[in-house]
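Try each task before reading its solution.

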Amino acid sequence: MPKGTDHLECGGDEESKERMQDASEEKGSKRVCADTPSPTRGETPQASPPRFVSVEELMEAAKGVTNMALAHEIMVNQEFQVKPSELPEGSLERRVKDIMHKAFWDCLDAQMKEDPPKYENAIKLLAEIKKTLLSFLQTGQGRLRSRIEEVLDLPLLQQQADNGALDISQLSHFIMGMMGSLCAPCRDEDINNLKQITDIIPLLRAIFSVLDVMKMDMANFALSSIRPHLMQQSAEYERSKFRDFLEKQPNALDYTEKWLENSMRSLREARETGSASSEPPSLSPVDVHNHAYLLLLKWDHASDPFPETVLMDQVRFQDMQQEAEKLVLLSSVLLIVYTSTGEAISGLPGLIETLKNTVNVMLANIHTPSFSEQEALATIGEKLCVDLTECLSKHGYAPFSAEQQNTFRGQISATIQPDNTVRKLIGSRVQSYLLASLESSQHKSPSLPGGLTPVSRELKELAVRFSRLVNFNKLVFSPFYQKILHKILTAGEIPSIDT
């Protein structure tokens, strides 16, 4: 039986694995220098003479990185699923597969129609079905195991085939019944569809198709069951694989070091600005480290290389960055609404949620290339003017005057500027809340800053996802961060950053 779905591929983020793999593979000569910076990497000082490694060693390191990325995806992506590989429609591999499958089933059909029928390939199929059914059983399902062993007794089936007494149809009904007992509830319809097939060859073919899907279900169930118990093991595995990669590519932490240096510099500048002392402020490794993660939510992905230790999560950090930017703009608009109308709308139930949904819909595609933020904000200003005027009149308040409406629309449109006062204020409060979520204990949420109440649910969900990702990254790469922070922070003894 050809096994078209035996190869698995991960259903999570493949892009990060490819980037890590690209960083480790060289396509030049048979020998390459492991300390030589890549074409896109700036000049970095060499701490030791270059160590040469072979292409085979780099390929082995790349394989380790790929496995590390897969383990990482399983841990951080709660929606990760094993999926069957799908060959591209019209590709050579797909055509060869289809031809081989058709040839096999045509051959089996011809054998079954001979007089007397030949059951050699049919026995092989039954043996594979038996093996698959047994693989679905758990430790305590001894009765089902005995039943399968009894009915699909291969020596007995071979004897029946030799004597012309093998009843494939009856065996198929047993197999379908057993599949119905072992499958997930979502596969009940597939099992019922099998029972509608009367011809033996199409039925066997359909049985194998459903069994392949059940294999995926079982693999994904196993992943979801063991994921809570894999945190520490996965962290140790990723750390070990990255250390192996670092041995082959000693400059594989250059961008990480630059990232932490930038964090230290920006944090020091911020504290010097707010301090009256002439002495440089002291910075702890924890402060620099946590601040560095906030920088990832302001990253210029088009021009700045992402740090190596967070490269596998670049897409996730980028998604959170876009979500944070949208929440900042949404909160800024709603804050302007409140400051413009004051007490008139503060006590109206459901109004703020209605206005929030209106703005949310208009900002839905904010990060698509065709989106015009200027046009969207102008439309939001017009729409909110109409809604607020109607609401104020309905509740006995004086409606917006023409001058108030112009001022209101101008304030909404002005939030397009990154240095807009309202936008900067809300952005700072969002950053402060996310930083507090990193510094707070696991079971205690930080207090919500003013002006963010309308987006409290979305902001808390973002903070949870951000904290989980950051904490796992710390768990994996803490030893590497320790060394870099010891290097760039020169004042005083540096405490542990295991937080």
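**Exercise 1.** Is Phe245 buried or exposed?

Solution. The model is a predicted one. Start with the relative accessible area of Phe245, which is 4%. The cut-off for buried is under 20%. Therefore Phe245 is buried.

**Exercise 2.** Where does Phe242 lie relative to Phe245, and how do their rings pair?

Solution. Step one: locate them. Both Phe242 and Phe245 lie in helix H10 (residues 231-248). They are three residues apart, about one turn of the helix. Step two: take the geometry. The ring centres of Phe242 and Phe245 are 6.4 Å apart, and the planes stand at 45 degrees. Planes under 30 degrees apart count as stacked, over 60 as edge-to-face and the rest as tilted. So the pair of Phe242 and Phe245 is tilted. Step three: check burial. Phe242 has 0% relative accessibility, so Phe242 counts as buried.

**Exercise 3.** Which kind of pair do Trp259 and Tyr293 form, and which parts of the chain does the pair link?

Solution. Take the angle: 80 degrees between the planes of Trp259 and Tyr293. The distance is 5.5 Å centre to centre. This pair is edge-to-face. Now locate the partners. Trp259 is in helix H11 (residues 254-273), and Tyr293 is in helix H12 (residues 285-295). Trp259 counts as buried at 1% relative accessibility. Tyr293 counts as buried at 0%.

**Exercise 4.** Which residues do ring pairs link into a cluster?

Solution. The cluster holds Phe242, Phe245, Trp259, Tyr293, Phe477, Phe480 and Tyr481. A search of the whole structure finds twelve aromatic pairs.

Key. Residues numbered from 1 in each chain as written. Predicted model: local features only at pLDDT ≥ 70, side-chain atom pairs only at ≥ 80, totals over all residues. Heavy atoms only, no water. Phe/Tyr/Trp six-rings, centres within 6.5 Å; stacked < 30°, edge-to-face > 60°. Helix = DSSP H or I, 4+ residues; strand = E, 2+ residues; numbered from the N terminus. Buried < 20%, exposed > 50% of the residue type's maximum accessible area, 1.4 Å probe, protein only.
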